[in-house]
Amino acid sequence: MKSVTKLRYNKIKEFLSRPNFNGFTKKELFIMTFIKKGWGQDIATLSNMAEALVNLSIANPSTIDEYRVLLKEVIKRAIHPKVNPYKKSFDKVTSLGEFGYYLEHLNIILGSYRRIANDDKCVKLNERISHHLLKNSLKQSNFHAVLIPYVNMRWSADQAAILYSLWLYDRNNDSDISSELISKWFDYMDNKATHKNTGLYICEVLGKRRYSKQPRGCSHSYMVHYMSRFAPDKASKQWDLYKKYMMGNKMGRIAFREFLPEYKGKWTPDSGPIIAGYGVAATGLGLNAASSIGDWDTYKGLEKMMNPFGNLLHGTEKLIGNNILSRIGTDLLSSSIWLNAETKQD
C-alpha cells in the first residue's frame, strides 16, 4: 500500500474505531462548515468507505477479518439516528418512505458487507430495502425512485446507484430482481433523457432546474462509476462520450468540466468549486469512475492533476492539524472516494 493510500486508510480506520459515534462534525466533513446538515454527504462517505474496504479485502485476503470489523462499524454509523433520516433506531422504522438517496447508499453498504462476510448480519434489512427501492422505481414512469420527500427532482446518477445496489443484492443472493428495472431505465435514458448534441445522459429527468437537461460532470463521473458494474458496455460508451465532450487539458493536466463549454452554469454544493469551467467534484469523482471502468491511462492523468493538491493539503494537515483549509481535500468524503478509486479491483 502506497504511503498516501495508507494515510487515507488510517484516517478512515481511526474514525471507524472511535467509540461513542454521535454523528459527523465539520472536522470530518468539509461541507458541514457551511451546511450543518451536510447535504447527505455523511451516508455517501460511508458508502465509499464500504466499497474501498471491499477492494482492500479482495487485494489483501489475509487481513479480511480487519475489514469485516470495520465494515460492521460502517453499518453502525450508517443506521445511527444522527445519520439516518428517520431520526430513530432502525428497528423502530416501520415505513422506509421516500428516502431513496439515503437508502441507495445504505443498500450499497449492506451489499458490500455481504460480499466479504460469512454471516447473515443485516440480510433481512438488505432484502427489505432492495424490494422497497425496486417497487418505488418501477412505479415511476421515468423509472427513477423518489430520492427525498417533498423534493421534486430525479437525479440520473442516484438512480444508477440504486440499480447498482439492486444488482449487488442479486449477485450476493443468486437472485434476479434488478434486470427488468435496469432494462426499463436504459430504455428511458436512451430515448428520453439523452442530450441531443452529445449523446450524454442528462443529469435530472423532471426538468426542475435550468441545467436539468444538460449533462453535468459530477453527475456523469458518479453515474459511470456505478454503471460500470451492472452495464459495463453502456458505461464505456458514456465514458468515451464524457471524455470527448467534457475532458480537457489545463496547464498540461487533464480535468473534467462541470458543464459543456457552451453552457454557462454556476457551481453548486454537489459540484464544488468550478475553476475555468473545470469542476473539482467532476474531476475527483472522475478518478473513481476511471478506475471502475478500467481506463488506467485517464486515471493516471487525473491522478497527476490531483496529486500535487492532495499532497499539499495532507502536508498542511500534518503541519498545523485539521483546519478549514486542509479539510477541502482531506476530509472523510474526499479520503473515502480517493481510497475507493486507488484500491479498485476487478
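Modeller: In this predicted model, a cavity is a set of grid points where a 1.4 Å probe fits but cannot get out, and its lining residues have an atom within 4 Å of a point.

Colleague: Which residues line the largest cavity?

Modeller: The structure holds one cavity of 30 Å³ or more, and the volume of the largest cavity is about 40 Å³. Its lining is made up of Leu110, Arg114, Lys121, Cys122, Val123, Asn126 and Asn173.

Colleague: Which elements give two or more residues to the lining of the largest cavity?

Modeller: By class, that lining has three nonpolar, two polar and two charged residues, and among its members are Leu110, Arg114, Val123 and Asn126. The elements that give two or more residues to it are helix H4 (100-116) and helix H5 (123-138).

Colleague: Does Ser228 count as buried or exposed, and why? What should I look at?

Modeller: Ser228 has its place in helix H8, which covers residues 217-230. A residue counts as buried when its relative accessible area is under 20%. Because the relative accessibility of Ser228 is 11%, this residue counts as buried.

Colleague: Which residues is Ser228 in contact with, leaving aside its neighbours within four places in sequence?

Modeller: Contact here requires heavy atoms within 4.5 Å. For comparison, Gln238 is 10 residues from Ser228 along the chain, and their C-alpha atoms are separated by 10.0 Å. With the neighbours within four places set aside, the residues in contact with Ser228 are Ala235, Ser292 and Ile293.

Colleague: Which backbone oxygen does the side chain of Ser228 reach?

Modeller: Ser228 lies in helix H8, and its side chain comes to 2.7 Å from a backbone oxygen. That oxygen belongs to His225.

Key
Residues are numbered from 1 along each chain as its sequence is written. This is a predicted model: local features need pLDDT of at least 70, side-chain atom pairs count only at pLDDT 80 or more; totals for chains, interfaces and linings use all residues. Side-chain values use heavy atoms; hydrogens and water are left out. On a 1 Å grid over the protein atoms alone, a cavity is a set of points where a 1.4 Å probe fits but cannot get out, and a pocket is an open set with protein on both sides within 12 Å along at least five of seven lines; lining residues have an atom within 4 Å of a point. Grid points are joined across faces, edges and corners, and a volume is the space filled by probe spheres set on the points. Helices (H or I, at least four residues) and strands (E, at least two) are DSSP runs, numbered from the N terminus. Ala, Val, Leu, Ile, Met, Phe, Trp, Tyr, Cys and Pro count as nonpolar, Asp, Glu, Lys and Arg as charged, and the others, Gly among them, as polar. Buried means under 20% relative accessible area, exposed over 50%, partly exposed in between (1.4 Å probe, protein chains only). A polar contact is a pair of N or O atoms within 3.5 Å; within protein, one must be able to donate a hydrogen and the other to accept it, and residues adjacent in sequence count only if both atoms are side-chain atoms.
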